[in-house]
Amino acid sequence: MPQEREEVQVRPGVEADLESLTELYNHYVRETAVTFDTAPITPVERRSWLRSHPEDGPYRLLVAWTGDRMAGYATSSPFRPKPAYATSVEVSVYLAPHAVGRGVGTLLYESLFAALADEPVHRAFAGIALPNEASVRLHERFGFRRVGEFTEAGWKFGRYWDVRWYEKRLGHRPSG
C-alpha cells in the first residue's frame with residue numbers, strides 16, 4: 001500500500017516554536033558539521049535569535065510542520081553587521097531527519113523567497129559546509145551560483161571542514 005503524504009504547513013516562526021526549533025538545530029550541532037556550533041544550546045539561549053526574525057521585513061523565519069511535528073525551518077538573516085550590507089541576507093534551511101528528501105526544503109525556500117520578493121533585498125548568500133550534496137542541489141535549483149570556497153574553515157569532530165559560498169540575485173536596487 002502506498003504511503004500517504006502528510007500535508008506540510010509553512011508559516012512564520014513564533015515563540016511557541018522555540019522548543020522544537022532548538023531541538024531540531026541541536027540535532028545538527030550534535031550529529032553533523034552543517035553548523036559550526038559545537039555545543040547544544042538551550043531554548044533560552046535561542047530566544048533572541050527567534051525574536052530577530054519578525055513576521056515581516058528582510059529577516060524571516062519560516063517553519064514547516066507536518067501534523068504535530070516540526071519538519072524544518074528556513075531563515076534569512078543579516079549577512080554582515082556593517083550598514084552597506086543591509087540589502088544582503090544569508091539564508092539557510094534545516095530539515096528534521098523525518099522530512100529529508102520529501103520536498104520540505106523546496107517548499108520552505110519557495111515560501112522564503114516569495115516573502116522576500118517585496119523586501120529591500122538585493123542578494124542572498126548561503127554557506128554550505130562540505131560535503132553536503134543535498135544542500136548544494138537545493139541551492140542550485142533555486143538559482144544560487146557558486147562564488148567561492150573557504151578551505152579548512154572550521155574545526156569540528158576532530159577534523160577541518162570546507163565551506164562553499166553561493167549567491168542568488170534577488171534584484172532589489174535601493175534608490176538614492
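Colleague: What makes the meeting of Asp17 and Arg11 a salt bridge?

Modeller: In this predicted model, the side chains of Asp17 and Arg11 come to 2.7 Å, N to O. The cut-off is a Lys or Arg side-chain nitrogen within 4 Å of an Asp or Glu carboxyl oxygen. The value of 2.7 Å meets that cut-off, so the pair is called a salt bridge.

Colleague: Why is Asp17 called buried?

Modeller: Asp17 has a relative accessible area of 2%. Buried means under 20%. Therefore Asp17 counts as buried.

Colleague: And Arg11, why is that residue called partly exposed?

Modeller: Its relative accessibility is 32%. Buried is under 20% and exposed is over 50%, with partly exposed in between. Arg11 falls in between, so partly exposed is the term.

Colleague: What makes Glu119 and Arg60 a salt bridge?

Modeller: Their side chains meet at 3.0 Å, N to O. The limit is 4 Å, so the pair qualifies.

Colleague: How do you know that this pair links distant parts of the chain?

Modeller: Glu119 and Arg60 are 59 residues apart. Glu119 sits in the loop between helix 3 (104–116) and strand 5 (123–129). Arg60 sits in the loop between helix 2 (43–51) and strand 2 (61–66). Glu119 and Arg60 are both buried.

Colleague: Are Glu149 and Arg146 buried or partly exposed?

Modeller: Partly exposed is the term for Glu149, at 29% relative accessible area. Arg146 has 47% and is partly exposed too.

Colleague: How many salt bridges does the structure hold, and which residues are linked in a network?

Modeller: The structure holds eight. Glu15, Arg47 and Arg51 are linked in a network of salt bridges.

Colleague: Now the whole chain. How do you know that the radius of gyration agrees with a compact globule?

Modeller: For 176 residues, a compact globule would have a radius of gyration near 16 Å. The protein chain has 16 Å, so the two agree. Along its principal axes, the C-alpha trace spans about 55 × 40 × 35 Å.

Colleague: What share of the residues counts as buried?

Modeller: Of the 176 residues, 43% do. The chain exposes about 10,100 Å², and carbon and sulfur atoms supply 51% of that area.

Colleague: Which elements build the chain?

Modeller: Four helices and seven strands. Their order along the sequence is β-α-α-β-β-β-α-β-α-β-β.

Terms used: Residues are numbered from 1 along each chain as its sequence is written. This is a predicted model: local features need pLDDT of at least 70, side-chain atom pairs count only at pLDDT 80 or more; totals for chains, interfaces and linings use all residues. Side-chain values use heavy atoms; hydrogens and water are left out. Helices (H or I, at least four residues) and strands (E, at least two) are DSSP runs, numbered from the N terminus. The radius of gyration is taken over C-alpha atoms; the globule rule is 2.2 Å times the number of residues to the power 0.38. Buried means under 20% relative accessible area, exposed over 50%, partly exposed in between (1.4 Å probe, protein chains only). Accessible areas come from the Shrake-Rupley method with a 1.4 Å probe; for residues, only the protein chains shown count as cover.
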